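Have the model open while you read.

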Amino acid sequence: MKKAFHVHRASALAIGVSLIAVSQPAAAQDTGADAAPALDTIVVTAQKRSQNLQDVPIAISAIDSAKIEKLGVQDARDLSGLAPNVTIVSGTTSNSAAVISMRGISNGGSETFGVDTASGLYVDGVYISRSGAAGLDVADIERVEVLRGPQGTLFGRNTTGGAIHFISRAPSNEFRLKAEGGYGNFDAWNGRITVDLGAIAGIATSFSYSHRQRDGVVDNILEPRDSRDPGSRKSDSFRGAAKIELGGTGSIQYIFDWSKVSGSPMAFQLTNVSDGTPRNIVVDGQQLVVTQPAPVKQYLQSATFANADCAALAEPRRAYRSKICNDISSYAVDEIWGHNLQVENDFDIFKVKMTSGYRIWHSDSVSDLDGLGAFSGPAFTPTSLLNGLPASVLQGIVPAASIPFISSAAVPTVQQNLFETSNTRRHRQLSQEIEVSGNSDHLDWVVGGFYFWEKGSEYNPQNSGFVLDTNSILSRYGSAVAAANPARYRLVQTLTTLSYTAEAESSALYGQATYYPGGRGSGLRVTAGGRYTWDNKRLFRTQNGAVPFAVPQVGKASYSKFTWNLMLGYDLADGISSYARVATGYRSGGFNASDPVASGTNTIPSFGQENVTSYEVGLKTELFHRRVRFNVAGYYNVYKDLAVNVPVPDAPQGTFSTRIANAGKVNYAGFEAELQAILTDNFSIDGAIGYVNVDYKEFLGGKSTVPGAPAVDIASIAVPSYTSPWTGNIALNAQFPIGAGSARLVGRVGYTHEDGKYSFPTALSAPFNDAIKGDDRDLIDAQIGIDRIPLGNAEGEIRIWGKNLTNAKDFVRGIDFGQLGYAGGYYADPRTYGITIGVKY
């Protein structure tokens, strides 16, 4: 019933958007649409040249700087839900990490250096390779282009889901000043200033700086400072750009950006614990090997908490808690900086553009991943297993002389968390791309070459507590011995460290051409393109357990792939164009950083590359004298060897990690629609809706309990991870002139919906996967203010805003710790609101 309700609600949203698009502007046209304002032309560079968005034969959304400011978008994660079938959730231990999902394809939440993202993130043409550095600040961004579907030709590998491209504003040749500051709840302060000095000696420059900070949104009762509570954040970012024109035909532009984000990530909240009941899963009559979770419930019930107020948190529940206990003060510090050099020139017959990028990312974090505070209870050691047993049951088990000592010895205790970890990551990357393009009356073309290199290191100590049912050992001595056990459930402290360095190198050659058979005005265009990519990867591991290796472990792998696309576009009428597209893409394989070496070797095994063939048709329209823009697309994607992230079922006892595995064949099908409409001189709307259905055809991820049996196809029980089947948003915008001047009263109210998401594709190694599925999200945001306030030669602005106005307590991301016997996750921000005041000159 619940699923049917959400399908009905999403369908109603789609119908409502369509009806408004058709009916309201038509009425406006009857009252004099010729004199009415029209929608702005949106220019994008998705195909390596400037084009009207309506002429690009792919599903693409563009978000301009005005909308970014209006919505209060502060970093990449705030883009979630603004384009159909695009969702973004925050990382777990980092303040800058983001899990981007496009049309159901994501990196599964893994932030290790052995795994590549599935949706490419670009800043001014430079590829950002690590999801941990994806939550970048959006200061001074001109627009964001969201390209959905595989972009394997012009953007290359690791874009099987799509690509997001941030394009920053070029320096102005005129003096320009813009500043704003604001305050909100949770003692949130923010300020931003951008200055263009104009052209001096032929060089135009631009500088921007922003600062944001806020207190935590969940109270850690063991931390007296609100500024260190979970959800607290402090960020500073700087961007400088310089551009020089070359003889009117070319230019050189250099961009430097730097940002530092520190604070305490959102609080992990315990939702589920296991009582140790054995699990069984049968597929097609075969019983499968499944992860058996530890009996955490019984241990916590008898544990002693250092702080009595924290004891209540040991009762897990699927409900938002405004207070938690982190005896380890979680924190994360991420620092990112980069250099970008763009050189281009128009030689009339052809154009040349070179983009060079060099980026560095440093991340340090400490995380308490149980939220319970310190607790103590019985500890397990092999030498103390029989401690405290009555002398009568020890007869015949130990030497008679030892019985008085063992029976009177107490079971040792330990103060321990369920899971705590720290992480030190260092990463740098270098990229170089050169493209040559040209056009004529019948042909647009571009050819290019791309080179990329990256190197990253990770040092990740973990401290976990594994609950052991010692009766499983004592029962071998007889039921009477087990029955006399003074401490059946005991905790094993497991200390382990993962330390490695990963290196990758990629190069590619590509080309694409668009042919206009009857000339550019004929309405028919045919596009074909191809790209060949070579990838080489290496993993050098020095520790994967309690002690460093005497001899380092090494993994090496190479991948290559030719990807292509064919597109046909046809203008059905003035303002109405259609297209059909077939495209391929691939995501390079890699290494699971914590995988054991192949038997009898010192070699770390690799997983395979992901391949996709995508079929897409679309219709793009601008109607009623360009007062309505309504675009729709349908797609069917066939993935082979889809890379999915699952908890490791055979991890060393007492530890937790995840692993990328290749599913055999998975089909994704769905549709998307976007709308912009001017209703009257005072009102406009914009909206989008997306749906994706994921059908696992083959997933050889099951292991039979019968020794030697072949792998079992578990497609029938697999679910899509980090995928919202339905996404949608709709907003009403308003503007009214104030007085005789240019000042306006402006406002916006918006609604966004995202279906809940699974965290993992299978319950075989994630016992609580169903229980920790994310909540359906229904968010209402609003802003109201006055802009264009005359201030001499400047303009002022004041805006009051609110996000999540209903204060929804939505569970957005889960973690299943598998054999450790518990699960939990993260809730989204509560209601936030504030005021922003700005001036521009």
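## A buried arginine and its partner

In this predicted model, R130 has a relative accessible area of 4%, so it falls in the buried class. What does R130 pair with? Its side chain meets that of E454 in a salt bridge, with N and O 3.2 Å apart. E454 sits in strand β26, while R130 is in the loop between β7 (126-128) and β8 (141-148), so the bridge ties together parts that are 324 residues apart in sequence. E454 counts as buried because its relative accessibility is 4%, under the 20% cut-off for that class.

## Other bridges across the sequence

Side chains of opposite charge can pair when their charged atoms come close. How many salt bridges does the structure hold? The count is 38, and a couple of others are worth a look.

Take D829 and R214: their closest N and O atoms are 3.0 Å apart in a salt bridge. D829 lies in the loop between β42 (822-827) and β43 (832-840), and R214 is in strand β12 (residues 203-214), so this bridge ties together parts 615 residues apart in sequence. D829 is partly exposed, with 28% relative accessibility.

Then there's R520, which forms a salt bridge with D444; here the closest N and O atoms are 2.4 Å apart. The arginine R520 comes from the loop between β27 (489-515) and β28 (524-545) and D444 from strand β26, so the parts they tie together are 76 residues apart in sequence.

Strand β26 covers residues 443-469, and K455 is part of it. K455 is partly exposed, at 32% relative accessibility. On the surface, K455 gathers with R428, R538 and K556 in a patch of positive charge. Patch members need over 30% relative accessible area and no salt bridge.

W445 is in strand β26 as well. With a relative accessible area of 30%, W445 is partly exposed.

R744 is placed in strand β38, which spans residues 744-754. Is R744 buried or exposed? It's buried, because its relative accessible area is 17% and the class takes anything under 20%.

Which side chains does R744 touch through polar contacts? One is Q735, joined to R744 side chain to side chain at 2.8 Å. Another is D787, whose side chain makes a polar contact of 2.7 Å with that of R744.

## Two long distances

Back to W445 for a sense of scale: its C-alpha atom is separated by 56 Å from that of L820, a residue 375 positions away along the chain.

V86 gives another span. It's found in strand β4 (residues 86-90) and is buried, with a relative accessible area of 2%. Between the C-alpha atoms of V86 and I397 the separation is 63 Å, and these two residues are 311 residues apart along the chain.

Notes:
Residues are numbered from 1 along each chain as its sequence is written. This is a predicted model: local features need pLDDT of at least 70, side-chain atom pairs count only at pLDDT 80 or more; totals for chains, interfaces and linings use all residues. Side-chain values use heavy atoms; hydrogens and water are left out. Patches are made of residues with over 30% relative accessible area and no salt bridge: like charges are joined within 9 Å, nonpolar side chains (Val, Leu, Ile, Met, Phe, Trp, Tyr) within 5 Å. Accessible areas come from the Shrake-Rupley method with a 1.4 Å probe; for residues, only the protein chains shown count as cover. A salt bridge is a side-chain nitrogen of Lys or Arg within 4 Å of a carboxyl oxygen of Asp or Glu. Lys and Arg count as positive and Asp and Glu as negative; His and the chain ends are not counted. The place of a charge is taken as NZ of Lys, CZ of Arg, CG of Asp or CD of Glu. Helices (H or I, at least four residues) and strands (E, at least two) are DSSP runs, numbered from the N terminus. Buried means under 20% relative accessible area, exposed over 50%, partly exposed in between (1.4 Å probe, protein chains only). A polar contact is a pair of N or O atoms within 3.5 Å; within protein, one must be able to donate a hydrogen and the other to accept it, and residues adjacent in sequence count only if both atoms are side-chain atoms.
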